[in-house]
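Could you take a look at this one with me?

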Amino acid sequence: MSKSFSGGIHPAYNKAMTAEIPIADMPLPDKVRLPLSQHIGAPCKPLVAKGDTVAMGQKIADSDSFVSAPIHASVAGEVVLVDDQAIEIKTDKEKSRFSGAAQSYNNQGELRQIIREAGIVGLGGATFPTHVKVTPPEGVTIHTFMINGAECEPFLTTDHRVMLEQGQEMIAGSKLLMEACGAEKTIIGIEKNKPDAIEHMSKLIADEPAFAVTGVQVKYPQGWEKQLIKSLVGQEVPDKGLPLDLGIVMNNVATAVAVHRAVEYGEPLLNRVVTVSGSGINKPQNVRAPLGTSVADLVEFCGGLKPEAAKIIDGGPMMGRALSTLDTPITKGTSGILVFNRDEVHLFSEDPCIRCASCVDACPSRLLPNYLALYVKREMLDEAEEINLMSCIECGCCSYVCPSKIPLVHYFQRGKQEINARNRNQ
Ligand code: SF4
Ligand code: SF4
């Protein structure tokens, strides 16, 4: 039996466009725009003012909150704008060289502090601060660390390429993360549509008794924490619970690489690998881009848009969001920029529900999407909450299979926002 979870879908994966092309390093852009909130948790406050000169890697924004992560200058240069949302830096290309030194630590607390100071967050898209994730609450013991190399979103191949090109750094980072959270072993979970990554990682851990590589079934959303844990160890994270309730901490491939670089070179998170792909881009590839680079600069580096390009998505096609401007910056959470041609962009109108239950079968969280949508449409938020609207992971499987083209996940996002607002007011 292939290792998997219940529910889920099999969309066209479309990864071949970029999966075999080595990561390209993008030259520094003329300007970067670094948003003050690039993570789940409290936004940062600026530590610099307009007119300041900053060095590459300098911390330029931070927060007193535990659930937050500082932001660093991804280029050297002059701060040209500071507002409530972001800091902009005009690049001094001559001076943009990072120099740091290996960081030493004496205990778990100091190691977690290095991870925090490097501004590292979950680079799979969740952007949860990594130092928080590896700090279990009092009394909780972590026994297993997991690396999420599933990368189940169609088109995206960043983790795939990072495993192939920076696998050794990933293993080194995983050892540090194991140490930070107190785990004794690491399981690396990779979808079976990346056999070269499974083979490569298996070779790299051949002499590492604490490590195992497991291939999991190709099925969306295999890369969700709870689904991947079910696939890897057969255990269910309790509803409203966390992996640490099972003694497990999971991180993404690139996050482990970032942790290694923070300790080995004193390097904060300055760039990330982004998949630029889709029918509307001239040169699809994975690009290592400085944080704060505009989508416009990234697209230009990839040969520009095709004349038929009609839609740009930040993230994957299942969970990403459509962009209205190319001025949007690449942030810590940007895993992909996808461009689609006119003939692939469909405008649907919603038909009535035919009660086929396809959405129920597809839901990996075992919810009743048809009823949830009905309740949200009728503003019956208590009823929606009762049948676990808040447990919806917004994976989009239900919308994908719905023959009536009901944008179910949009209703759930709206319903969750309304419930959160109501709870805050109460
Ligand atoms: S979006 Fe929510 S309701 Fe729909 S399939 Fe995913 S988890 Fe289930
Ligand atoms: S898949 Fe669509 S049409 Fe079928 S039950 Fe669900 S909401 Fe209704």
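Here are my notes, going from the whole chain down to single residues.

1. Before anything else: this is a predicted model. The protein chain has 426 residues, and its secondary structure comes to 13 helices and 17 strands.

2. On overall form, the C-alpha trace spans about 60 × 50 × 50 Å along its principal axes. The radius of gyration is 21 Å, which agrees with the value near 22 Å that a compact globule of 426 residues would have. As for burial, 52% of the residues count as buried. If you take the contacts between residues at least 6 apart in sequence, 73% of them join residues at least 24 apart.

3. Now the ligands. Which residues come closest to ligand 1? They are Cys 363, Cys 392, Cys 395, Gly 396 and Cys 398, out of 13 residues that surround this ligand. By class, the shell splits into ten nonpolar, two polar and one charged residues. Helix H12 (397-401) and helix H13 (408-425) each supply at least two residues of that shell. Have a look at the space as well: the one taken by ligand 1 is the largest cavity.

4. Cysteines among them are Cys 353, Cys 356, Cys 359 and Cys 402. In terms of class, that gives eight nonpolar, two polar and one charged residues. The space taken by ligand 2 is the second largest pocket.

5. Helix H6 (225-233) deserves a stop. Its buried residues are Gln 227, Leu 228, Ile 229, Ser 231 and Leu 232. What covers them? Strand E9 (144-149), strand E10 (185-191), E11 and E12 are included in the cover. Just after H6, Gly 234 takes a positive phi of about 75°.

6. From Tyr 220 to Pro 221 the bond is cis, with omega near 5°. Pro 221 lies in the loop between strand E11 (211-216) and H6. As background, most peptide bonds are trans, and most residues other than glycine have a negative phi.

7. That background also matters for Lys 240, where phi is near 65°, a positive value in a residue other than glycine. You'll find Lys 240 in the loop between H6 and strand E12 (248-252). Is Lys 240 buried or exposed? Its relative accessibility is 69%, so Lys 240 counts as exposed.

8. Asn 388 is another non-glycine residue with a positive phi, near 70°. Its place is the loop between helix H11 (381-386) and H12. H12 is also one of the helices that supply residues to the shell around ligand 1. Asn 388 counts as partly exposed because its relative accessibility is 25%.

9. Last, a pair from separate stretches of the chain. Gly 41 and Pro 129 are 88 residues apart in sequence, yet their C-alpha atoms are separated by 7.9 Å. Gly 41 sits in the loop between strand E2 (31-35) and strand E3 (45-46). With 36% relative accessibility, Gly 41 counts as partly exposed.

Technical notes:
Residues are numbered from 1 along each chain as its sequence is written. Chains are lettered from A and ligands numbered from 1 in the order in which they are written. This is a predicted model: local features need pLDDT of at least 70, side-chain atom pairs count only at pLDDT 80 or more; totals for chains, interfaces and linings use all residues. Side-chain values use heavy atoms; hydrogens and water are left out. A residue is near a molecule or strand if one of its heavy atoms lies within 4 Å of it. On a 1 Å grid over the protein atoms alone, a cavity is a set of points where a 1.4 Å probe fits but cannot get out, and a pocket is an open set with protein on both sides within 12 Å along at least five of seven lines; lining residues have an atom within 4 Å of a point. A molecule sits in a cavity or pocket if more than half of its atoms lie within 2 Å of its grid points. Helices (H or I, at least four residues) and strands (E, at least two) are DSSP runs, numbered from the N terminus. Ala, Val, Leu, Ile, Met, Phe, Trp, Tyr, Cys and Pro count as nonpolar, Asp, Glu, Lys and Arg as charged, and the others, Gly among them, as polar. The radius of gyration is taken over C-alpha atoms; the globule rule is 2.2 Å times the number of residues to the power 0.38. Buried means under 20% relative accessible area, exposed over 50%, partly exposed in between (1.4 Å probe, protein chains only). Contact means heavy atoms within 4.5 Å.
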